[in-house]
There are 2 protein chains.
Amino acid sequence: MPRLTMDITMSLDGYVAGPNMRPGVGLGDGAERLHAWAFGAGDDADSEVLEEMLSAPGAFVMGRRMFGGEGPWDNPAWGDVPWEGWWGDDPQHSRPVFVLTHHEREPLHKSDTTFTFVTDGIQSALEQARAAAGDRDVALGGGADVAQQYLRAGLLDELQIHLAPILLGRGVRLFEGLDVEAIGFEPIRVIHSQAVTHVRYRVVT
Amino acid sequence: MPRLTMDITMSLDGYVAGPNMRPGVGLGDGAERLHAWAFGAGDDADSEVLEEMLSAPGAFVMGRRMFGGEGPWDNPAWGDVPWEGWWGDDPQHSRPVFVLTHHEREPLHKSDTTFTFVTDGIQSALEQARAAAGDRDVALGGGADVAQQYLRAGLLDELQIHLAPILLGRGVRLFEGLDVEAIGFEPIRVIHSQAVTHVRYRVVT
């Protein structure tokens with residue numbers, strides 16, 4: 001069966017986003033340093049990993065914060081409606097994206113990406129994404145909160161951590177609120193680059 | 001110049017020791033899982049890394065907790081004096097060990113290891129260890145508190161993290177109380193094994 005995979009960049013001190021996520025600063029303060037490896041600071045090894053993670057999945061699942069933060073349907077003070085997320089007019093996913101939210105909404109089409117809003121839970125979102133992905137894997141787009149929900153439910157098959165050689169000191173941690181005895185990891189591949197270390201784990205629950 | 005290096009095993013959620021460090025449970029509750037790779041659960045790659053980290057240094061520096069916790073000279077309720085640490089009669093260091101402490105004490109000889117107690121600071125301990133090590137590197141034996149002191153002082157040259165694929169959920173974190181803007185890391189080598197991922201960093205301060 002195709003897998004549910006996740007790629008996430010984590011600082012050495014365990015953060016995957018900075019504090020104060022808001023429109024225009026979707027990953028929080030200081031977090032652009034986390035992702036430098038994917039935006040030109042990396043080398044060929046990083047480019048290959050990036051290409052692999054962007055091309056392999058047949059569909060994506062993401063949380064509402066990853067889609068567009070606490071958008072105006074939660075907080076009208078944030079700007080014009082309809083809120084269209086942080087991804088701009090050409091989101092580059094180019095495959096179906098399923099967004100977990102509590103707020104019903106019609107699908108949003110941006111270039112060749114369609115965002116479908118799922119209100120009946122993580123299992124439903126995964127099933128819809130699997131149906132859309134066919135024989136290909138489904139990738140969990142994040143963020144930490146969504147990762148934790150799928151980890152707790154035992155639904156995540158593989159997690160690739162891009163371990164960024166920086167300290168953030170504050171922000172959002174990937175591994176919190178989990179039953180540490182119930183979740184195990186097996187390293188199955190590691191790729192070195194000068195910018196970041198890519199470690200892929202099989203998740204054992 | 002020979003380097004000051006450190007090897008430390010860290011969980012995926014950033015812990016290097018469990019809670020409740022005490023005699024007989026020197027690394028705190030649950031932390032034996034951290035070090036399984038070094039005690040038989042690892043493969044040949046792990047054995048080579050272990051051999052390298054044990055054989056390379058010419059001398060060691062460690063904190064008083066790594067030597068023997070809050071020993072009886074701090075807390076007489078803990079047992080017989082003189083407290084001789086957690087290392088037993090054959091500590092296996094077989095090279096000079098310099099222990100940072102606030103309590104003056106005569107050197108302690110155990111088998112072919114001599115523990116020298118240093119009360120005038122981390123710089124002095126490093127200088128004494130360098131003198132003892134000759135052309136070889138000095139290894140910082142831990143724990144987290146000592147690592148942080150040397151990192152803050154800009155004295156640590158290399159840090160090898162053995163990233164254990166487990167979550168501890170609580171305990172002592174390696175990266176706390178540091179100026180996150182002032183300390184950088186460059187990954188210079190990574191070794192994969194089924195038990196743990198060994199990532200060596202050059203420290204840039």
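**Entry 1: ground rules**

I call a residue buried when its relative accessible area is under 20%, exposed when that area is over 50%, and partly exposed in between, using a 1.4 Å probe on protein chains only. By that rule I noted B:D137 as buried, with a relative accessible area of 14%.

The model I am reading is predicted, so I kept to local features with pLDDT of at least 70 and to side-chain atom pairs at pLDDT 80 or more, while totals for chains, interfaces and linings use all residues. Residues are numbered from 1 along each chain as its sequence is written, chains are lettered from A and ligands numbered from 1 in the order in which they are written, and side-chain values use heavy atoms, with hydrogens and water left out.

**Entry 2: the salt bridge of B:D137**

Next I asked: which side chain meets B:D137 in a salt bridge? I found B:R3, at 2.5 Å from N to O. My rule for a salt bridge is a side-chain nitrogen of Lys or Arg within 4 Å of a carboxyl oxygen of Asp or Glu. B:R3 sits in the segment before β1 of chain B and B:D137 in the loop between α3 and β7, so the pair ties together parts that are 134 residues apart in sequence. B:R3 counts as partly exposed, at 31% relative accessibility.

**Entry 3: helix α3 of chain B**

I then looked at α3 itself. Helices here are DSSP runs of H or I with at least four residues, strands are runs of E with at least two, and both are numbered from the N terminus. Helix α3 of chain B covers residues 122–133, which makes 12 residues. I read 16 Å from its first C-alpha to its last, close to the 16 Å expected at 1.5 Å a residue; the expected span is 1.5 Å times one less than the number of residues.

Which residues of α3(B) are buried? I listed B:I122, B:S124, B:A125, B:L126, B:A129 and B:A133. Their cover includes the strands β1, β3, β4, β6 and β7 of chain B, along with α4. Contact, in my notes, means heavy atoms within 4.5 Å. Just after the helix, B:G134 takes a positive phi of about 65°.

Another joins A:R202 to A:E186, the closest N and O atoms being 2.9 Å apart. This pair links β11 with β10 of chain A, 16 residues apart. Here I found A:R202 partly exposed, at a relative accessible area of 41%, and A:E186 partly exposed as well, at 35%.

I also traced a network of salt bridges that links A:R3, A:E52, A:D137, A:E158, A:R189 and A:R200. A:T5, in strand β1 of chain A, touches two members of that list, A:D137 and A:E158. A:T5 is buried, with a relative accessible area of 12%.

**Entry 4: aromatic rings**

My search of the whole structure gave 6 aromatic pairs over all chains. Rings of Phe, Tyr and Trp (its six-membered ring) pair if their centres lie within 6.5 Å; planes under 30 degrees apart are stacked, over 60 edge-to-face, and the rest tilted. A:F175 and A:F185 make an edge-to-face pair, 5.7 Å centre to centre with 70° between the planes. A:F175 is in the loop between β9 and β10, A:F185 in β10, 10 residues apart.

A:F185 also pairs edge-to-face with A:Y201, at 5.9 Å and 75°. A:F185 lies in β10 and A:Y201 in β11 of chain A, so the pair ties together parts that are 16 residues apart in sequence. A:F175 and A:F185 are buried, and A:Y201 is buried too. Together, A:F175, A:F185 and A:Y201 form one aromatic cluster.

**Entry 5: where the chains meet**

Last, I turned to the interface. I found 29 residues of chain B in contact with 30 residues of chain A. The buried area is about 2400 Å², of which carbon and sulfur atoms give 67%; buried area is the accessible area (1.4 Å probe) that two parts lose on being put together, summed over both.

How many salt bridges are there between chain B and chain A? I counted 0. On the side of chain B that touches chain A, the elements giving two or more residues are β8, β10 and β11. The largest share, 7 residues, comes from β10(B).

Notes:
Lists of a residue's contacts leave out its neighbours within four places in sequence.
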